[in-house]
Amino acid sequence: MKKQLLITVIYLFFTTLINAQWPLKLTSNVYLRTWKLDTKASKEEKEIDGATITLYQNGKQINQTTSSNGGEFTLLIPQDGEFYLLVSYPGCNSKRMSINTQNVPEKYSKDNFKPTFKITGGFIMVKPYPGINYSELNQDLTRVEFIPNKKAFDDTEEGTERGLGIVSKIYDAEDALFSRFCSTNKAGDIALAKPDCPLAKSLYEKAISMIPGEQYPVDQLAKVGLCLKDKELAEKKAAEEAAAKAAADIAAKEKASATKEAENKKAVEDALAKAAEKNAAAVKEEEAKLAKAQNEKAAKEQEKNNKAKNQKTLEEKLAAENLAKQKIRDEQKEKEKKGGLKIKQKTPEEIEAEAILAKQREGMAKSQAEDKEAMQADADKAKAKREEKQKAAREKEKKQKEGMAKSQAEDEAAIKADNEKRKKAAADREAEEEAKRKKAFETKAKDGEGEMDKGNSDHSIPQVLGSSLQKYKEKIKSADDLFKMKRYAEAKTAYEEALKYKANDPYATNKLADIAKLTAPK
């Protein structure tokens, strides 16, 4: 009897002790979010088993469990303590929250007190991306403690607001990175389609450097390799064809130049021959004229000589006659001196004959001087005319040579100018085509921007289903969180889903009206 009483007392003691010790039952889910990044970003979220959930107090591990049955987990939090919970999954950033089970009034901790708290939205695990600052994830993203006016455990508004701010900042940075990555891939696709293989290669390599490990730019680089090979073959073929065409053009130009040069040379030779022939005829004509002039001069000389000879004969005759007459006069004078003879005076006929003779002598001298002067003038005139014609012939020959050389130079300059003009026209056409291609590329690249999913609409927090009322509360809480983060499109969807569980609910309806005002066009 005493033994049985002792057992009963011990049983009541431990029963009382156990009833006094209550744990906080914490439940939630763990999700894995993955991104598919190519020319736009799309996400996929699913529940994961195997995530590690560890409870710490003062840096010491208190409890640990893993997610299972579609990502669910349950963890008992001892009463009267300050704890933090760490959720981790291989390859992903860890998430942390704090839990305070202190300051629960005694009246609530009696009478089979069994507190519970469910973290709606769960924990979303995402792998880290380069260039994003995840250091703030080491802070608590929410805090759970006993709320006296609710008479239950709940998350604090301050802790939740701080956590939402941290997550929102990270999501914005990831969105910006994804946008740059996808836009770069799209620009690479446009360049590859042109095809501008070097530009496409540069863009895909840039995308890989932004987010290493993403498959899309790696696959596209393989296509760029084929593109470069095809382009290299095409360029080689084009270069060979261009070289052949250039060689043919050069040969044709050389042939045309040789033909032109031969024609010019023949024309020069013909012109020179014609000029030489004409010059020879002119020289022959001048020589004939000179010979005629010389003959005329000789005839005149002969006539002059004859006149001079006749004049000399006449003079000699007159001189002899005068001498004979003078001798007679002298003899008469001598006789007169000796015998007193009277000097015979000249008769008028003798005086007239002497005057005529003097006049003839003077006329002959004057005629001879005039003839000599005329012959010299004719010779000088003939010589000057001959030299003038020879000079004119030389000038004409020189001008013909200069004209042929100038014509040849002008022909060569015209050919060169024509070649330069064709080259410039080809270069201008190529520049114009390149400008059009560049403009088309820039237009396409610009049109491609903005196709990325903007904002934080991809970061909605999935909800956990329960009873209709519980589901309504979860939807409202999720919608409120999204509304605070200004993710109005997702908040609108969540409020509309809440109305499915509680039709015509004034709170959800009013919130939808607020969203409509905030998103209305300005």
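Predicted model: local features only at pLDDT ≥ 70, side-chain atom pairs only at ≥ 80, totals over all residues.
User: What makes the link of Cys197 to Cys227 a disulfide?

Analyst: The S to S distance between Cys197 and Cys227 is 1.8 Å, and since a pair of cysteine sulfur atoms within 2.5 Å is what the term requires, the pair therefore qualifies. The structure holds 1 disulfide.

User: How do you know whether Cys227 is buried or exposed?

Analyst: Its relative accessible area is 11%, and because buried means under 20%, Cys227 counts as buried. By the same cut-off Cys197, at 0%, is buried, as are Cys92, at 15%, and Cys182, at 0%.

User: What makes a set of residues a nonpolar core, and which residues touch the most other members of the largest one?

Analyst: The members must be buried residues of the nonpolar kinds or Cys, joined through side-chain atoms within 4.5 Å. The largest such core has 28 residues, of which Val30, Ile77, Leu85, Ile99, Phe123, Met125 and Phe153 touch the most other members. Strand 1 (24-37) is among the elements that give two or more residues to this core, and it gives the most, with 4 residues. Apart from this core lies another, of 22 residues, including Tyr31, Trp35, Val126 and Leu141.

Terms used:
Residues numbered from 1 in each chain as written. Heavy atoms only, no water. Buried < 20%, exposed > 50% of the residue type's maximum accessible area, 1.4 Å probe, protein only.
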